[in-house]
Amino acid sequence: MRIRIVDAFTDRPFAGNPAGVVILDGDAFPSDEWMLQVAAELKHAETAFVRRLPDGSETGWALRWFTPAVEVALCGHATLATTHVLHRAGLIEERATYGTLSGVLTASVAADGLITLDFPTAPLRPIDADPELVAALGIDHRTVLHTGPNTDDLLFEVADEKTVRALEPDLRTVARLTRRGVIVTAAAADPASGYDFVSRFFAPAVGVDEDPVTGSAHTALTPFWAERLGRTDLTGYQASPRGGLVRVALKGDRTHLSGHAVTTLDGTLLP
């Protein structure tokens, strides 16, 4: 079967966040063990497995995502990459609907190739920070929130963009003290920079030390910064070594995430 590597949330190759995409034949997913082995072989943050559903189904496609270590309930960049592949292959036109562990997700493709994902907005809840986790991150934080069941992350706000960019967390301790990951964010240092806020995302507990550009994290970042900045249309920059921009729009209990994607590899996955 064919397998693609797609860089998501970027309009040029070797930037953004790479994801594997496998379009499956048949009326069932392969074994979880096999899909996990494929994801571990690729070693990208996520690999997406998608199969077409019969006519009359609630959605057109069933979609699952695997890190090199576990299956996850929600992934933005691999959904964007999947939509890009399906559109380029002529399997969808302007819209795709996916049945996932996080419910029904939709994606639309504009004439210029911009893909917009419709995801559930994360329900943010203040919690007390674990002092050991704060020490492992090496931060002096202002706020810490839990992002809800779909992502199960912790969101830390820090004083400035410089702090976010300089982070060098103790990943072994972060892995031990988290269920999925940690988002660290701050307002953009320069309003003319082209983005409103900056973030980084660490998820060593699920086999991803630092994710280059995390769409699902922006379902929490969007309501967080919309409240603080007084606007619902924003742009986030994830300041990983690869980096990437995510255009976001808060639509109540839904969040729209937009970006481009580029295929960098198209090959054959042998049985």
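Colleague: What volume does the second largest cavity have?

Modeller: This is a predicted model, and in it the second largest cavity comes to about 30 Å³. As a general idea, rolling a probe the size of a water molecule over the atoms shows where empty space is left.

Colleague: Which residues line the second largest cavity?

Modeller: Among them are Leu-74, Pro-120, Ala-122, Asn-150 and Thr-219. By class, this lining has four nonpolar and five polar residues, and no charged ones.

Colleague: What volume does the largest pocket have?

Modeller: A pocket, unlike a cavity, is open. The largest pocket here has a volume of about 250 Å³. It is lined by 16 residues, with Phe-9, Thr-10, Asp-11, Gly-244 and Leu-245 closest to its centre. Strands E16 (244–251) and E17 (254–259) are the elements that give two or more residues to the lining. E16 gives the most, with four. The lining divides into six nonpolar, six polar and four charged residues.

Colleague: Now the rings. How many aromatic pairs does the structure hold?

Modeller: Five. To read a pair, look at the distance between ring centres and the angle between planes; planes under 30 degrees apart count as stacked, and over 60 as edge-to-face. Phe-197 and Trp-225 are stacked because their planes lie at 10 degrees, with the ring centres 6.0 Å apart.

Colleague: Which parts does this pair tie together?

Modeller: Phe-197 is in strand E13 (residues 197–203) and Trp-225 in helix H6 (residues 218–229), so the pair links parts 28 residues apart in sequence. Both Phe-197 and Trp-225 are buried. The ring of Trp-225 also pairs with that of Phe-224: the centres are 5.1 Å apart and the planes at 85 degrees, so this pair is edge-to-face.

Colleague: Is Phe-224 buried or exposed?

Modeller: Buried means under 20% relative accessible area. Phe-224 has 1%, so it counts as buried.

Colleague: Where do the charged groups lie relative to rings?

Modeller: Arg-228 lies over the face of Phe-224, at 3.6 Å from the ring centre. Elsewhere, the charged end of Arg-64 sits over the ring of Phe-29, 5.1 Å from its centre.

Terms used:
Residues numbered from 1 in each chain as written. Predicted model: local features only at pLDDT ≥ 70, side-chain atom pairs only at ≥ 80, totals over all residues. Heavy atoms only, no water. 1 Å grid on protein atoms, 1.4 Å probe; cavity = no way out; pocket = protein on both sides within 12 Å on 5 of 7 lines; lining within 4 Å. Points joined across faces, edges and corners; volume = space filled by probe spheres on them. Nonpolar A, V, L, I, M, F, W, Y, C, P; charged D, E, K, R; others polar. Phe/Tyr/Trp six-rings, centres within 6.5 Å; stacked < 30°, edge-to-face > 60°. Buried < 20%, exposed > 50% of the residue type's maximum accessible area, 1.4 Å probe, protein only. Lys NZ or Arg CZ within 6 Å of the ring centre and 35° of its normal.
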